[in-house]
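Q: I am new to this structure. Please show me how to read it.

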2 protein chains.
Amino acid sequence: MLKLTKKADYGLMALKYLAEHPEIIALSAKDVADAYGIPAQLLAKILQQLTKSGLLKSHAGMNGGYALARDARQISAFEVIHAIDGPFFITSCTKGTKGCELTPSCTIKEPLARVNETIAGVLKSISIQDLAEHEQPAKKALEASGLVALTL
Amino acid sequence: MLKLTKKADYGLMALKYLAEHPEIIALSAKDVADAYGIPAQLLAKILQQLTKSGLLKSHAGMNGGYALARDARQISAFEVIHAIDGPFFITSCTKGTKGCELTPSCTIKEPLARVNETIAGVLKSISIQDLAEHEQPAKKALEASGLVALTL
DNA sequence: CAGTATACGACCGTTTCTGTCGGCTTTACA
DNA sequence: TGTAAAGCCGACAGAAACGGTCGTATACTG
């Protein structure tokens, strides 16, 4: 619970890897998979999803592979997770629009929805670039928290 | 993904319900289950877990039931979730102490660990009391974000 | 003693997640 | 022009987690 799927993890790792090797025009799924010891075919599917979502650009054929569609600074962790795992809600009753299917008394969702937004905000503020720099992503998170707070 | 389990939801709902009825000495699992349309036996197990974790006090026998072990202000959403779903990590490689089992190169975890702490901080700052007051828990979340930011 | 409630463990059906397989298309390069 | 390296896509199987039920034992009240 409250856990990223391995797919999302793999996706983030792959994008980070791409961000760390900007000199290479295109890295194949296998390259990345080997680098991290990830099942190659699984990673391939993940990268395909990210391509469909517009986060990556792909190039088939020999010497083909994937490259970031945008600057690493312009890709947020949120986008990656969203592309792979779909929209996320912290509450179990996922139907965003309509309320909880159980009883109308399920008033707990509303406060938790705020938490959800907070988390989403934090993830949106973290870019692939931040992951690639081993630096202090905490700094970013700090700024993020401030930003998120203001928007609540 | 990044979703609370229904069990955790139920637990939060139940605690909220207890917080809203402080005048009653003890509410049985069935009482709460009926109020929300939750499977009674499932809720019972959840409440037992919360009791073992020290968030509730139980009393068997007639007119028995559960009551908050502490003031609603002193019980955080984090504690409830933790008691029910166990320790949570946003990353898939859960083993907190040792690194990722895949490769040592799994450097993505470290930045995400910060995110994890941020989320935990937000959840820790939200009390059952906050859930019970229909008010603006956003206010709390706002303060929380500020606080969390400072501790990073 | 009888009834009500918690406590606890075993179990099962469903879903979700993870990973694999096979076949197809696209491209580069010899 | 043919072959190998890559992406693309759907189906599927094994494993794990989740949600829920049942039965029984234990504790307390009156």
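Q: What should I know about the model and its numbering?
A: This is a predicted model: local features need pLDDT of at least 70, side-chain atom pairs count only at pLDDT 80 or more, and totals for chains, interfaces and linings use all residues. Residues are numbered from 1 along each chain as its sequence is written, chains are lettered from A and ligands numbered from 1 in the order in which they are written, and side-chain values use heavy atoms, with hydrogens and water left out.

Q: Which residues are closest to DNA strand D?
A: A residue is near a strand if one of its heavy atoms lies within 4 Å of it. DNA strand D has 24 such residues around it. The closest are A:Ala29, A:Ser58, A:Tyr66, B:Lys6 and B:Lys45. Of the atoms of DNA strand D that come within 4 Å of the protein, sugar and phosphate account for 66%.

Q: Which atom of DNA strand D does a backbone N or O atom of B:Lys6 approach?
A: Look for polar contacts, pairs of N or O atoms within 3.5 Å (within protein, one must be able to donate a hydrogen and the other to accept it, and residues adjacent in sequence count only if both atoms are side-chain atoms). The B:Lys6 backbone atom lies 3.0 Å from a phosphate oxygen of DNA strand D. A side-chain N or O atom of B:Lys45 is 3.0 Å from a base oxygen of DNA strand D.

Q: How do the residues near DNA strand D divide by class?
A: Ala, Val, Leu, Ile, Met, Phe, Trp, Tyr, Cys and Pro count as nonpolar, Asp, Glu, Lys and Arg as charged, and the others, Gly among them, as polar. The surface near DNA strand D has 10 nonpolar, 10 polar and 4 charged residues.

Q: Which residues come nearest to DNA strand C?
A: Among 24 residues around DNA strand C, the nearest are A:Lys6, B:Ala29, B:Gln48, B:Ser58 and B:Tyr66. A polar backbone atom of A:Lys6 is 2.8 Å from a phosphate oxygen of DNA strand C. B:Gly61 has a polar backbone atom 3.3 Å from a sugar or linking oxygen of DNA strand C. The classes here are 9 nonpolar, 11 polar and 4 charged.

Q: At what angle do helix 5 of chain A and helix 5 of chain B cross?
A: Helices (H or I, at least four residues) are DSSP runs, numbered from the N terminus. Axes are lines fitted to C-alpha atoms, for helices over the stretch in contact, and angles run from 0 to 180 degrees between N-to-C directions. The two helices, residues 109-124 in each chain, have axes that come within 10 Å and cross at roughly 160°. Helix 5 of chain A is therefore roughly antiparallel to helix 5 of chain B (angles over 145 degrees count so).

Q: Which residues of these two helices meet?
A: Contact means heavy atoms within 4.5 Å. Val115, Thr118, Ile119, Val122 and Leu123 of chain A meet B:Val115, B:Thr118, B:Ile119, B:Val122 and B:Leu123.

Q: How are helix 1 and helix 3 of chain A placed?
A: Their axes come within 10 Å and cross at roughly 75°. Helix 1 and helix 3 of chain A are therefore roughly perpendicular to each other (65 to 115 degrees). A:Tyr10 and A:Leu15 are among the helix 1 residues in the contact, and A:Leu43 and A:Ile46 among those of helix 3.

Terms used
Parallel < 35°, antiparallel > 145°, perpendicular 65-115°, else oblique.
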